[in-house]
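Entries follow in the order of looking.

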Amino acid sequence: MKKITIQLNGESRRLSVVPNLTLLDALRGQLGIKTPKEGCGRGDCGACTVLLDGKAVRACLILAIETDGQTIVTLEGVSKDGLSGLQKAFLKNNVFQCGFCASGVILAASALLVENPDPSEHEVREALAGNLCRCTGYEPIVRTVLQVAKKTLTKAPVRGKRS
Amino acid sequence: MSKTCIIGKSPVRLDGLAKVTGAAQYVDDLDFGPGLLHAAVVESTHAHALIKKVHTAAAEKHPGVVHVVTGKDCPHMFGLYMKDRYIFAQDRVRFVGEQIAAVIAETPEAALRAAKLVKVTYVPLPKVLSLGDALKKDATLLHPDLAKYEKPPWFFPRPGTNIAHWRKTRKGDVDKAFKNASFILEDTYTVPRYAHCPIETHAVTGLFDLSGRLTLWASSQSPFAQRNVMANALKPFGLSHKDIRIITPFVGGGFGGKAGVSMEIIGAVLAIVMKGRPVKLHWTREQEFYNTSQRQGVIARIKMGVSKGGRITALEHTLHWDAGASAEYGANVVNAVGLSATGPYRVPNVKIDSVCVYTNMPPCGAYRGFGYSEFHFGLESHITRIAKAIGMDPVKFRKLNAIKEGDTLAYGAEMNPGDMSQCIDRVAKELRWGKKDKPSSRNRAIGKSLCCFWKAPAMPPNASSAAYLKFNEDGSLNLMVSGMELGQGFLTVMAQVASEVLTVPVTKIRVETPDTDRNSYEWQTVGSHVTWSCGNAVRAAAEEVKDKLIATVARAKRLKAADLYLEGECVKSRKKKDVAIPFHEFVIDGIMRPDGRFVGGPIQGTGMFMPEFTSALGDPETSQGGHPNVHYTVGCAGVIVEIDKETGKLQVLNASLAVDAGKVINRDLLNGQIVGGIVQGLATALYEDIRYDSNGRLLNPNFTDYKIPTTLDCPVKLVPMAVETPQPDGPFGARGVGEHTMIAAAPMIADAIEDAVGIRLKTMPLTAEKIALAMRGIEYDDVKGDNLGFCFRGKPCDYPFDVGS
């Protein structure tokens with residue numbers, strides 16, 4: 001058992017972990033954070049995507065013990081102060097169906113837009129290629145991410161590469 | 001059809017906010033506190049063996065283990081249609097992965113570790129891993145007691161063989177028609193097994209409380225069917241229907257895999273054994289592949305004859321299905337195909353034999369399309385080939401033979417309304433049919449194709465739906481139904497139906513996922529039938545509520561009910577313009593009369609729907625005389641593909657689909673079904689390639705080796721289209737579309753490959769590897785090896801279809 005401290009959705013949380021506990025099991029089992037879902041347990045499906053120091057990672061492939069001192073954001077953290085632009089657009093466009101992949105997709109897409117505010121369609125597809133969705137055929141997901149990027153850019157032009 | 005307000009619009013999904021915020025809960029998200037126990041299952045390592053002994057002592061001693069359950073604890077059989085399945089294996093195992101025992105422990109880790117300590121002594125039996133072995137004379141039998149199994153009256157098993165069901169359809173005189181045909185084509189097509197791959201795996205938590213009440217939280221498409229199957233199977237435990245409650249929170253994808261009953265009944269037994277403590281069973285991704293249900297593999301021989309003018313005159317369609325170790329649900333897939341394997345065409349002379357065969361492979365069941373995707377692969381490939389062979393454009397050929405309202409179906413009933421011709425025209429236009437497109441480089445080739453599809457819900461003739469609506473003080477509504485929200489948008493569509501009748505906006509209607517104690521009955525959410533069936537029930541409930549609203553105002557205000565109508569959440573009068581009484585003023589508390597007395601009371605309504613015109617009791621030898629299907633939905637789909645001639649890699653440039661939805665209730669949701677369905681269908685054609693070794697062990701039960709599409713594997717352009725020929729008995733004219741959208745995918749890829757590079761592939765999947773091999777003149781069947789996705793190992797052309805009659 002080792003004590004670690006993480007910044008989870010803006011709050012400091014201390015927990016005791018065994019060395020082989022995954023971040024996913026720590027979040028779901030010990031911290032009551034249920035939006036990262038387990039779809040495969042081996043990094044294939046992306047349903048457990050969380051933001052670790054701003055990067056989209058699969059919580060099932062990371063050991064909780066490695067995250068000591070780091071910042072973690074899950075969909076609970078994104079939703080608690082109202083809907084983000086992405087969430088609003090996903091809602092309005094009726095994008096998700098069963099919704100099981102939604103948390104991972106929203107977090108992966110928001111990480112992409114922070115890093116690359118003006119992505120091409122291919123860049124969106126590449127960034128989300130690790131998030132499996134069996135319902136939507138991805139088309140509405142990709143369309144909506146591009147729509148949000150365009151809208152954000154029109155509001156506040158960001159200098160950077162265009163592709 | 002009168003003008004509608006909210007029908008046909010795309011309001012925001014009722015469950016949209018819950019899903020984008022993460023508030024939506026799935027079974028594994030529910031908390032049961034520190035008392036929760038966890039279970040792990042001990043699985044067979046043999047495809048076919050007798051169980052001599054199950055050694056549980058070491059597992060029982062493992063720290064944290066509370067109990068070990070084996071087949072001795074519950075010798076009961078179950079099944080949705082035919083009761084041929086055990087909750088835990090009894091004297092024998094019938095597939096690799098079959099559950100033999102379960103370990104219940106304080107933690108998932110302890111359960112898993114202890115499950116590995118359970119040792120099973122087997123006496124191996126001959127494995128039945130090929131259809132040939134299963135059907136030969138003196139074959140090893142999987143179910144020697146087949147004659148004793150309970151089954152519905154429209155199933156025809158053959159005791160003493162491995163045939164679980166044989167559906168025969170006979171119409172006209174096929175032999176004579178073939179004699180007179182001007183052209184005949186005969187060939188064999190094979191379709192392997194497929195896995196559903198919902199991103200959420202099956203999960204169930206059960207609690208058998210100290211009062212003897214069993215509650216299950218299950219990831220399920222069929223809470224009521226499950227309760228019924230469990231109540232029947234678990235009667236020996238003293239349970240009746242009222243003692244079992246099934247709560248289904250959101251489901252993370254179903255596609256048929258969460259229909260009927262599979263692992264949930266194990267959860268029920270574990271809960272009963274651990275009275276007083278909740279027990280959770282959660283399938284791993286591997287288990288999701290081999291121990292729920294798969295889509296059946298099939299080998300099909302098609303012989304089709306046409307007249308000089310290009311009219312189909314005769315069809316002989318023989319299908320042998322690899323049902324796996326149990327056919328409790330799969331036999332109905334076989335049945336559905338046996339009735340409908342003409343496809344959406346007018347065929348005067350028909351002979352269909354659809355044969356369900358037990359094998360020592362994992363059990364199969366419902367999968368989006370319910371057998372229709374499988375038989376359309378061969379049939380639609382065949383249609384294109386015949387059209388080309390007689391020198392007719394495949395589009396013209398399909399329009400010439402398209403089935404129309406009033407035509408006689410293979411089993412004798414009449415075809416319902418539906419405009420396939422218009423669907424064909426819409427797709428042909430979108431694909432610029434007849435125009436040759438230029439490839440992007442010399443090394444590539446472009447191919448186009450267009451295929452048709454149809455499907456009817458496959459269900460018992462008395463499958464029914466019910467709905468219950470009640471008002472709240474502020475004029476908002478709760479609508480209780482038990483169709484399952486699988487992602488298709490069922491809750492929203494039901495709210496739209498109620499809203500249309502009652503003028504209450506959908507934002508003021510709450511519809512939640514089922515709870516068998518609190519919600520109205522629904523048979524199952526399968527077969528693309530709930531929009532139609534439950535939609536009718538909701539409409540009836542809303543009409544009852546409407547009548548009560550009007551009657552209450554009429555009584556209180558001494559007005560004629562006939563003059564009253566609903567508008568903008570008010571009861572209004574056509575005669576007295578000043579009468580406009582908002583619902584919220586009286587739907588609970590009633591209306592005060594001048595003398596201070598009140599009239600009315602809490603307003604609520606119920607509705608039900610059963611298709612009373614159907615019957616499954618056709619003649620077993622011909623299927624004539626019954627009316628087994630409620631209606632068919634027809635449509636058309638096509639693609640433009642580009643193929644790299646070197647590597648065989650295929651890219652879909654355009655995938656277009658038009659379906660006759662009767663009436664589009666929600667455009668966004670319809671588009672979601674079409675786009676998602678096309679991609680799921682294309683995946684079965686292009687990527688998903690299940691493999692078993694020669695011992696019947698599944699080799700690729702994960703997303704690394706069993707490829708489902710990612711964002712990078714989709715068509716460049718997807719075009720969803722709808723035609724609206726009203727279904728007379730559907731809510732506002734609607735009929736179902738959910739499964740139909742993936743049915744044409746495989747043949748349209750096969751046809752497009754032939755159009756592009758001149759190769760005809762007849763064995764699915766149609767991978768780049770197969771295309772590249774074929775382009776080098778190498779027959780896939782010569783190099784395919786032993787690890788196949790299907791219970792058939794030889795060359796399709798050598799397969800012996802003749803197994804008697």
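This is a predicted model: local features need pLDDT of at least 70, side-chain atom pairs count only at pLDDT 80 or more; totals for chains, interfaces and linings use all residues.

**Entry 1, contact between the chains.** I find 42 residues of chain A in contact with 43 residues of chain B. On the side of chain A that touches chain B, the elements giving two or more residues are helix H2 (75–79), helix H3 (85–92), helix H4 (102–115), helix H5 (121–127) and helix H6 (139–155) of chain A. I note H3(A) as the source of the largest share, 4 residues. Sorted by class, this side of chain A has 20 nonpolar, 11 polar and 11 charged residues.

Is strand E1 (residues 37–43) of chain B mostly covered or mostly open? I count 7 of its 7 residues as buried, so by the cut-off of 20 or more other C-beta atoms within 10 Å each of them qualifies.

Strands of a sheet pair through backbone hydrogen bonds, either parallel or antiparallel. I find both senses here. E1(B) runs parallel to strand E14 (residues 279–282) of chain B, joined by 2 bridges. In that pairing His38(B) has Lys280(B) as its bridge partner. With strand E7 (residues 99–105) of chain B, E1(B) pairs in the antiparallel sense over 6 bridges. There I place Ala40(B) opposite Val103(B).

In what order do the 4 strands of the open sheet stand? I read E18-E28-E29-E30 in chain B, with mixed pairing. Strand E18 (444–455) and strand E30 (717–723) of chain B stand at the edges; each has a single partner strand, so one side of each is left without a neighbour in the sheet. From one strand to the next the twist averages 10°.

I checked one pairing of this sheet in detail. Strand E29 (residues 650–660) of chain B and E30(B) run parallel and are joined by 7 bridges. Asn654(B) stands opposite Lys717(B) in E30(B).

I looked up what helix H16 (residues 745–757) of chain B lies across.

Note on methods: Residues are numbered from 1 along each chain as its sequence is written. Chains are lettered from A and ligands numbered from 1 in the order in which they are written. Two strands pair if DSSP finds at least two bridges between them. Axes are lines fitted to C-alpha atoms, for helices over the stretch in contact, and angles run from 0 to 180 degrees between N-to-C directions. Two residues are in contact if their C-beta atoms, placed from the backbone, lie within 7 Å. A residue is buried if 20 or more other C-beta atoms lie within 10 Å of its own, exposed if 12 or fewer, and partly exposed in between; C-beta atoms are placed from the backbone. Ala, Val, Leu, Ile, Met, Phe, Trp, Tyr, Cys and Pro count as nonpolar, Asp, Glu, Lys and Arg as charged, and the others, Gly among them, as polar.
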